[in-house]
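Hello,

Here is the structure for you to take over. My notes on it follow below.

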Amino acid sequence: MKKCGIAKLCLTLCLILVLTIVPGNRLEVQADEIIATVYGTILSGTTSELLRLSTKQGNMEIKLDSGTDTSACKILLPGKEVSVSVSRGSDAYLHAVKITTDRPTSTATLDSSTTVTVSGTIGDKTTEELIYLKTNQGEMQIKLDPTTNLSGTPFLVLGKTYEITCARGSDAYMHAVTISDKAAATGQLGNNSAYMSVTGTVADSTKETLLYLSTNEGEMQFVIDYSADTSSGMVLTPGRKITVYFYRGTDAYLHAAGLVGEKDSPSSVTLDSAVITVTGTVDGRSDQNMLYLNTPQGVMELKLDTVKNLNNCKVLIRGKNITVNCSRGSDAYLHVTDITGA
């Protein structure tokens, strides 16, 4: 009888193990059904859709959803240690249910009678308690409190542009009252009347940090610096039509606030889970929709409709050496997800 009981127990344990590791496309799991809690360090390359985490068991990729509870960890900084409770989705990915981290509580009193709204990019000096915001007028330091309203964006990531409404605190710091995703708030950069705009074609002499634009009024020059939003116009190969939203900097140069190129409407493509990494140089035929990559094996045609990360470069110019991660789509094309400059 004892042997029979032990056998039943082993069988039950095996069944539990099989149900735990079975792929998500064979076992539907509700978003709030936590299967594990993992602890690790946030890696660079984390985006608003995907958390990259280094754990003792290796690197993990965990999807971030609109329902992810980030109330205890409002900013995802590379190098930050966090605990993540996860569920398994029907897409076979692990999904973050809740992200937590220890952080001190602010005791400052805010003067909410006077607030100011600023727009800028989260700088790389940002910590869990203090946001370094790069704006057109310079760098601001804004404290992040547990009471900060992030209903407009569940969490913050480095290098992304946000609108922050802040108030002065009794500790003399500006404190974030509400934060929203600027791209989501304005629809697209072209709707933002704070900038002047001009449309033209990219000239041959364009560099990574300086755009030469041929317009009806002649050739114009625009500085492309850290704060420029190039997500809608990253490919600057000669002859490409592009609209530049710009402002005049304190250095008397025109600075690009954002670039918008001619792009096809996004398609509903499903990507394979396998990731392919290739290195090569940008071919001059590339545009906002398709990257032509010169490699030792020949020229590759890669679609640019699923790019999530642009690392170590703001734009792609002819001859630029890059490494890309891509996956096969349901349309049989390879689609780029990450681009890293050499």
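**Overall picture**

Of the 342 residues in the protein, 41% are buried (under 20% relative accessible area; exposed is over 50%, partly exposed in between; 1.4 Å probe, protein chains only). This is a predicted model, in which local features need pLDDT of at least 70, side-chain atom pairs count only at pLDDT 80 or more, and totals for chains, interfaces and linings use all residues. Residues are numbered from 1 along each chain as its sequence is written, and side-chain values use heavy atoms, with hydrogens and water left out.

The protein has two helices and 24 strands. These are DSSP runs numbered from the N terminus: helices are H or I with at least four residues, strands are E with at least two. Among contacts (heavy atoms within 4.5 Å) with a separation of 6 or more, 60% join residues 24 or more positions apart. The exposed surface comes to about 18,000 Å², with 51% supplied by carbon and sulfur atoms. Areas use the Shrake-Rupley method with a 1.4 Å probe.

**Strand E6**

Strand E6 covers residues 94-100. Five of its seven residues are buried, so E6 is largely enclosed by the rest of the structure. Which strands pair with it? Pairing needs at least two DSSP bridges between two strands.

- E5 (residues 81-88) runs antiparallel to E6, with six bridges. Ser-87 has His-95 as its bridge partner in E6.
- E3 runs parallel to E6, with two bridges. Ile-62 is partnered by Leu-94 of E6.
- E4 (residues 69-72) is also parallel to E6, over two bridges. Here Ala-72 is partnered by Thr-100.

E5 and E6 form a hairpin with five residues between them. In that turn, Ala-92 has a positive phi of about 80 degrees.

**Second largest pocket**

The volume is about 500 Å³. Of its 23 lining residues, Tyr-93, Leu-271, Lys-308, Ser-327 and Thr-337 are the closest to the centre. Strands E2 (50-55), E3 (58-63), E23 (321-328) and E24 (334-341) each give two or more residues to the lining.

A pocket is an open set of points on a 1 Å grid over the protein atoms alone, where a 1.4 Å probe fits, with protein on both sides within 12 Å along at least five of seven lines; lining residues have an atom within 4 Å of a point. Points are joined across faces, edges and corners, and the volume is the space filled by probe spheres set on them.

By class, the lining has six nonpolar residues, 10 polar and seven charged. Ala, Val, Leu, Ile, Met, Phe, Trp, Tyr, Cys and Pro count as nonpolar, Asp, Glu, Lys and Arg as charged, and the others, Gly among them, as polar.

Best wishes
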